[in-house]
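Here are a few notes to read alongside the sequence and the model. They go through selected local features in turn.

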Amino acid sequence: MVKMENNKLPRQVYTFLKEKGIREQDVLYTAQTDLNAEGEFADGYLVLTKDVLGIIQAPAAEDRVHSFRGSSLLKAELTEDTVYEEDAQEPDREEWSAQFVEIDRLERLWIENGVGCNLLVGKWEDREHCLTMFTHLQKRSLAKLTRGIEQMKRGGSPDFDAEADEYCPKCGRMYPDRARRVCPNCMDKHNVFFRVFRYFKPYRVNFVIMMATIAVTALLNLIWPYLNGNILYNKVLAKDPEFLSGIGLKPDSFVTALLMLVLAMVATKLVLLLFGILQGVLTARMVIGVVRDLKKDIFRKMGQLSISFYRSRQTGGLMTRVLSDANRITGFFVDDAPFFLVHALTMVATIVVMFAMNPWMALIAVVMLPILFGLNRYLRPRIWVMFGRRHRAERSMNSLINDNLTGSRVVKSFGQEKKEIQRFEGSSRRLKEAEIAISYRQNWFQLVYGGARELASMAIWALGVYFIMSGSGEEMQLGTLITFVGYVGQLQGPMNFFARIPNRWADSMNSAQRIFEIIDAVPEVLEAQKPRRLEQPEGDIELDNVTFGYEVNRPVLKDVNLHIPAGSMVGIVGRSGAGKTTLVNLISRMYDVQEGEIRIDGIPIRELSFNDLRRNVAMVSQETYIFMGTVAENIAYANQGADLKEIMRAAKLAGAHEFIMRMPDGYDTRIGSSGRELSGGERQRISIARAILANPKILILDEATASVDTETERVIQKALNYLVQGRTTISIAHRLSTLRDADYLVVIDHGKVTEQGTHQELFALKGTYYKLQELQTKALQLKGEIGG
Amino acid sequence: MSGTGVGHGPEGPGGHGPGGPGGRGQGGPKGPGGRGPGAGEFEDFQLSQMEKETEEMLRVRYLNDENAVFERTGTGFLSLRVGEEFYPRVVVVRMFPFSDKDEFISIRTAEERSREIGIVEKMSQVSGETARMLEEQLTLRYFTPVIEKIIKIKDEYGFAYWNVVTDHGACNFTIRMGGNSVIHLSDVRILIMDIDENRFEIPDINRLTPAERKKLDLFL
């Protein structure tokens with residue numbers, strides 16, 4: 001495959017184009033394709049000048065390696081054991097085929113999506129032509145081409161701005177999230193670490209005490225084998241007189257010495273135990289505090305962020321990620337970070353002591369160490385793979401069970417119990433196999449790793465015994481040997497620790513980075529520096545040449561002009577996806593317009609204070625949300641100060657009073673995610689009551705009655721009639737009958753206002769509105785007949 | 001006209017569909033009607049149109065060498081003539097791309113909200129030339145290299161990088177870990193979706209070597 005740099009085609013293509021009479025400087029845009037019409041990988045090139053589109057096709061090359069997105073830059077590493085060589089030879093231009101289409105002649109150019117591949121189709125002289133074929137890898141750049149040509153046909157100049165880079169410039173890895181542009185491999189982990197560390201600042205006393213206890217623990221751990229081996233065997237049991245006088249005892253009082261030693265040993269263990277408990281308590285206290293602070297920061301930030309932030313990420317995923325990230329960071333700071341120093345110190349000190357005791361034996365121990373370490377590093381991931389497999393088997397079994405429980409009626413009514421049991425057996429068999437594989441692997445690991453470890457310690461014992469027997473090493477006595485073996489055992493802990501720490505470090509710093517990203521995110525919709533107040537609004541709304549799109553270059557609303565006089569009711573009609581909801585989202589400033597301006601009472605909403613804007617613009621939408629709490633609390637959500645009488649009145653106006661009173665605890669009934677279930681209509685009426693109590697000057701009804709049955713709709717409709725009095729109301733509805741009472745109607749189609757006027761005017765126009773009206777009437781009739 | 005529209009179904013898919021509850025209210029006066037001016041004659045037209053569309057939707061038309069003539073358009077596509085109808089371009093789509101890719105081929109109109117013109121029940125039932133033409137069109141729509149050899153799979157930071165040999169040559173591609181990048185079509189057959197939704201298939205994992213299967217362990 002020939003590499004393309006900076007969106008430039010390989011040299012030969014330009015040479016080829018020159019032969020065909022196209023100069024390099026005239027080329028506006030280029031793209032590559034990767035399939036030929038026979039469905040084989042083959043290089044192809046698209047070249048656009050202001051007059052012509054060139055489609056060049058090279059023949060399929062047999063030894064071509066095809067690299068899809070994300071893999072090309074890691075290729076050097078990935079293909080190290082590939083048998084295939086990169087195709088380095090010059091493409092043979094003789095075999096190239098080319099087709100040139102004049103832009104003027106081209107009526108339209110578009111991409112047709114297939115399964116795993118796409119077609120570029122052009123239409124001219126009233127016929128559709130299959131131009132070229134490509135995989136999804138090239139789709140983005142070809143989509144830009146078709147958009148650009150569309151712009152050219154409309155008389156504008158095409159804009160082919162470069163896309164944000166999706167690869168880390170340092171190591172070439174692809175960013176896991178294109179929008180974030182953070183390379184998990186190259187990010188500054190130290191910086192992140194110290195930033196997390198700052199959260200520990202309020203707990204520094206705690207922290208210092210903890211480090212001190214850890215240090216003492218490490219020291220005592222170092223002393224223990226010495227007491228247990230050297231002193232017990234070599235001094236006390238061996239009845240060393242020098243030792244006795246050394247600690248100020250009378251000669252021959254070995255029993256006293258033994259007693260003292262036992263006491264010292266017990267005391268050591270006791271201190272170790274106590275300090276262990278103390279450490280646990282301190283870390284728990286500190287970590288819980290830190291996690292709470294972190295979550296508080298995140299939650300506060302999430303409140304400030306604009307809707308667009310949530311739109312670009314899946315909210316559910318976001319939440320679980322934040323929580324699990326916080327937990328992972330905690331885990332690292334509780335279980336790993338504090339012990340880093342301890343383990344490092346223990347390891348160094350142990351090795352030094354060992355060398356001081358017996359260099360030869362120490363050498364064996366130290367040589368064995370990296371081998372064991374390597375084994376550990378190598379074998380453990382294999383067990384993890386197995387755990388992942390069990391996890392997947394478990395998950396699939398759980399979803400099968402869930403399927404059966406929720407679908408039990410269907411299973412029974414079709415008499416498929418037997419088949420379901422068979423399915424379950426299959427799934428449970430897979431789980432069993434996964435479990436067996438895990439225990440097999442674990443045993444195997446124990447065998448290999450434990451064996452290697454035993455071998456090492458046996459070698460040390462053997463050497464030690466040899467030294468004792470031969471008497472060559474004068475200091476080598478039984479006690480020394482026992483102490484020594486104790487030290488070797490003590491190296492285990494740090495070794496395991498260092499084997500797993502790199503992964504844990506990378507994971508937790510990654511988590512921390514993601515959390516900081518949320519904390520650092522800047523809301524897109526910002527309040528003006530000196531916000532203007534809107535205390536007694538009239539409710540007059542003006543949209544002036546408003547253009548907006550969720551993605552750049554893809555406007556959802558184009559040049560919308562609209563004037564909604566104070567106190568009037570406007571209905572917005574249009575197909576789904578026409579931009580109706582977007583329009584009202586802009587009025588309540590969930591997003592900022594890209595061009596143009598929206599004014600309330602003549603003041604641009606960008607200059608209004610958030611507080612006044614949100615207080616005066618309320619929305620009742622199709623997705624009602626009931627918060628955890630009582631009915632009364634939910635109704636008074638936007639007006640916490642409301643008294644019980646006002647709440648009741650709002651509920652009455654919303655037609656909610658009766659059903660509320662039928663619930664056991666009346667207005668104090670707990671609803672929301674943990675409480676009583678409400679039907680769609682009930683939820684809707686509670687959110688209408690909420691809006692009534694908020695008493696906004698501008699009311700937006702976004703399909704407020706779409707999800708309820710006709711009867712409930714009638715009740716809600718009645719309730720709404722109260723609500724709209726004295727307010728400016730914008731109502732979006734799918735059922736045109738809902739908009740009967742609108743003062744006038746606005747039809748939006750493909751992001752533009754296409755028709756506006758009163759019902760009669762629009763009907764007379766015989767346009768979109770007329771068609772919609774007709775269709776719905778027909779549908780209603782049909783329904784009436786069927787149901788009738 | 002009332003009633004006919006709802007009780008239809010000439011090929012009679014057996015009483016189901018909108019005709020269900022039967023005759024009540026059929027003879028009654030014409031529906032709520034009069035909302036808005038100018039209903040009248042337009043109404044009849046619309047309703048019969050709807051009927052016709054519903055009828056079309058329920059009809060199954062099998063295409064074969066006798067009733068359908070496919071022809072290459074010379075611009076890379078196919079045209080179709082069925083009786084009186086002529087379609088300058090048709091799109092060929094598999095109904096069961098995994099279960100049986102050579103049976104039940106739907107022939108559809110080319111517009112964005114395409115409509116089914118007819119069904120070719122078996123590729124083997126049409127003439128060789130027709131089958132070839134349909135095959136060509138299917139090539140334009142389906143592209144799924146079959147993995148024959150796995151050289152390496154490396155997973156790192158939430159992605160798995162694959163290095164494989166397929167029936168279309170060597171490929172490097174990247175999938176997202178977790179999520180649904182690897183789909184089990186059966187116990188032995190898997191479909192792999194890369195980050196751009198390019199597809200790769202392993203028709204039978206048992207045909208891979210044990211070493212290759214071990215590399216797949218992460219996803220099985």
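**Notes on the predicted model**

1. This is a predicted model. In chain A, residues of helix 19 meet residues of helix 20. From helix 19 of chain A come Gly681(A), Gln684(A), Arg685(A), Ile688(A), Ala691(A) and Ile692(A). Their counterparts in helix 20 of chain A are Thr712(A), Val715(A), Ile716(A), Leu720(A) and Leu723(A). Sorted by class, this contact has seven nonpolar, three polar and one charged residues.

2. Two packed helices are described by the angle between their axes and the distance between the axes. For helix 19 (residues 680-694) and helix 20 (residues 710-724) of chain A, the axes come within 11 Å and cross at roughly 0°. Angles under 35 degrees count as roughly parallel, so helix 19 of chain A is roughly parallel to helix 20 of chain A.

3. Asn206(A) is part of helix 5 of chain A, which covers residues 204-237. Is this residue buried or exposed? Asn206(A) counts as buried because its relative accessibility is 12%, and the cut-off for buried is under 20%. Neighbours within four places in sequence aside, Asn206(A) is in contact with Leu282(A), Arg285(A) and Met286(A).

4. Chain B has an open sheet of three strands in the order 9-10-11, with antiparallel pairing. Strand 9 (182-184) and strand 11 (199-202) of chain B each have a single partner strand, so one side of each is left without a neighbour in the sheet. On average, neighbouring strands of this sheet are turned by 20° against each other, direction ignored.

5. Strand 9 of chain B is joined to strand 10 (residues 190-193) of chain B by three bridges, and the two run antiparallel. Opposite Ile183(B) stands Leu191(B), in strand 10 of chain B.

Terms used:
Residues are numbered from 1 along each chain as its sequence is written. Chains are lettered from A and ligands numbered from 1 in the order in which they are written. This is a predicted model: local features need pLDDT of at least 70, side-chain atom pairs count only at pLDDT 80 or more; totals for chains, interfaces and linings use all residues. Side-chain values use heavy atoms; hydrogens and water are left out. Two strands pair if DSSP finds at least two bridges between them. Helices (H or I, at least four residues) and strands (E, at least two) are DSSP runs, numbered from the N terminus. Axes are lines fitted to C-alpha atoms, for helices over the stretch in contact, and angles run from 0 to 180 degrees between N-to-C directions. Buried means under 20% relative accessible area, exposed over 50%, partly exposed in between (1.4 Å probe, protein chains only). Contact means heavy atoms within 4.5 Å. Angles under 35 degrees count as roughly parallel, over 145 as roughly antiparallel, 65 to 115 as roughly perpendicular and the rest as oblique. Ala, Val, Leu, Ile, Met, Phe, Trp, Tyr, Cys and Pro count as nonpolar, Asp, Glu, Lys and Arg as charged, and the others, Gly among them, as polar.
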